[in-house]
Amino acid sequence: MAPPTSHASPTHLALLAACGSAPGPIAPPIGRAPLPPDPRRDFRGWISKMAGLWKVVAAAAPGLLSRLLTQISTATPFSTSQLSHQGAGSVWNLGPLNHVAIAVPDLEKAKAFYKNVLGAQVSEAVPLPEHGVTVVFVNLGNTKMELLQPLGPNSPIIGFLQKNKAGGIHHVCIEVDDINATMVDLKEKKIRTLSEKATIGAHGKPVIFLHPKDCSGVLVELEQA
Ligand SMILES: C[C@@H](C(=O)O)C(=O)SCCNC(=O)CCNC(=O)[C@H](O)C(C)(C)COP(=O)(O)OP(=O)(O)OC[C@H]1O[C@@H](n2cnc3c(N)ncnc32)[C@H](O)[C@@H]1OP(=O)(O)O
């Protein structure tokens, strides 16, 4: 009878061989009773299979590990794997999460919780009358939280706190590399911004807010990086 045919490539066959799974004769050995399973032999066999597999992978893809490490270390905040968008001729890209904002009824109490109970690094309270809020930033290393308390009778977060008496997640802020191109592009896509122009946000950089009803129920702030 003709031997069984295989469509596997030589590399694939080598990988299967290293794992002990290469196609081959399947008849049991003649004249020998099967041995009872021996856990020590199984473990030694597994180790030797893994060593064989590693040799095959290393031979098939020399420099794979160093290429992976180089790609990770050279990744930029504005990843080229993300979609680039175009608004009125200018291209813009989405960047990392800048902060998650929490509206709170009592800023000092919320600040004390993050500082004294969770042990986080927190900023002093900063009044921003032009935004109708007082803010405290909580530094988390990879991102920040922004604690917001209403400032003045026309604060834009008063309605939110009336509905969420204990406070809650108010908005997320994501960086963009070109806020003006972003605004033009989003307008073309019928996403409502909550101001005609960008305003200067808590970090001294231009920001815009997008209507929560156009963003899956989440108020989204975009900040010029
Ligand atoms: C310093 C700066 C910075 O970080 O750089 C800041 O953070 S300033 C942070 C404060 N500044 C801002 O938030 C500016 C942008 N925000 C605004 O313009 C406003 O807050 C709005 C988002 C338009 C909401 O205003 P207001 O509560 O008065 O209106 P409204 O009650 O009619 O709300 C309209 C609908 O949106 C919902 N809604 C309101 N606030 C929401 C929020 N934070 N997240 C998700 N949904 C929200 C309401 O439940 C309602 O839905 P239903 O109709 O289904 O009930």
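## A buried glutamate

Leaving aside its neighbours within four places in sequence, glutamate 175 is in contact with Phe78, Asn93, Leu94, Gly95, Pro96, Asn98, Glu223 and Ala225; contact here means heavy atoms within 4.5 Å. You can find glutamate 175 in strand β8, residues 168–176. Strands (E, at least two residues) and helices (H or I, at least four) are DSSP runs, numbered from the N terminus.

Does glutamate 175 count as buried or exposed? Glutamate 175 is buried, yet it has no salt bridge. Buried means under 20% relative accessible area, exposed means over 50%, and partly exposed is in between (1.4 Å probe, protein chains only). A salt bridge is a side-chain nitrogen of Lys or Arg within 4 Å of a carboxyl oxygen of Asp or Glu. For glutamate 175, the nearest side chain of opposite charge is lysine 144, 5.6 Å away. In this count Lys and Arg are positive and Asp and Glu negative, while His and the chain ends are not counted.

## How the model was made and read

This is a predicted model, in which local features need pLDDT of at least 70 and side-chain atom pairs count only at pLDDT 80 or more, while totals for chains, interfaces and linings use all residues. Residues are numbered from 1 along each chain as its sequence is written, and side-chain values use heavy atoms, with hydrogens and water left out.

The term pLDDT is the predictor's confidence in each residue, from 0 to 100. The chain has a mean pLDDT of 78, and 64% of its residues reach 70 or more. Over residues 1–35 the pLDDT is below 50, and this stretch has 21 contacts in the model beyond near neighbours in sequence. Residues 64–74 also have a pLDDT below 50; beyond near neighbours in sequence, that stretch has 1 contact in the model. The model scores ipTM 0.98 and pTM 0.73.

## The chain as a whole

The chain has 6 helices and 11 strands. Of its 225 residues, 26% count as buried. When you look at contacts in the chain between residues at least 6 apart in sequence, 53% join residues at least 24 apart.

The accessible surface of the chain comes to about 15,100 Å², and 63% of that belongs to carbon and sulfur atoms. Accessible areas come from the Shrake-Rupley method with a 1.4 Å probe; for residues, only the protein chains shown count as cover.

## Three salt bridges

Side chains of opposite charge can pair when their charged atoms come close. How many salt bridges does a search of the whole structure find? The search finds 3. In one of them, glutamate 124 pairs with lysine 111, and the closest N and O atoms are 3.5 Å apart. Glutamate 124 lies in the loop between β4 (121–122) and β5 (126–128) and lysine 111 in helix α4 (residues 107–117), so the pair ties together parts that are 13 residues apart in sequence. Glutamate 124 is exposed, at 59% relative accessible area, whereas lysine 111 is buried, at 10%.

Aspartate 185 forms a salt bridge with lysine 189, with 3.0 Å between the closest N and O atoms. Aspartate 185 is buried, at 2% relative accessibility, while lysine 189 is partly exposed, at 46%. Aspartate 214 and arginine 192 also meet in a salt bridge, 2.9 Å from N to O. This pair links distant parts of the chain, 22 residues apart: aspartate 214 is in the loop between β10 (206–210) and β11 (219–224), and arginine 192 is in the loop between α6 (179–188) and β9 (199–200). Both partners are partly exposed, aspartate 214 at 25% and arginine 192 at 43%.

## Two loop residues with positive phi

Lysine 190 has a phi near 65°, a positive value in a residue other than glycine. Lysine 190 sits in the loop between α6 and β9 and is exposed, at 70% relative accessibility.

Serine 216 has a phi near 55°, again a positive value in a residue other than glycine. Serine 216 is in the loop between β10 and β11, and with a relative accessible area of 76% it is exposed.

## A nonpolar patch

Which residues make the nonpolar surface patch of about 300 Å²? They are Phe113, Val117 and Leu118. Patches are made of residues with over 30% relative accessible area and no salt bridge; like charges are joined within 9 Å, and nonpolar side chains (Val, Leu, Ile, Met, Phe, Trp, Tyr) within 5 Å. Leucine 118 lies in the loop between α4 and β4 and is exposed, at 53% relative accessible area.
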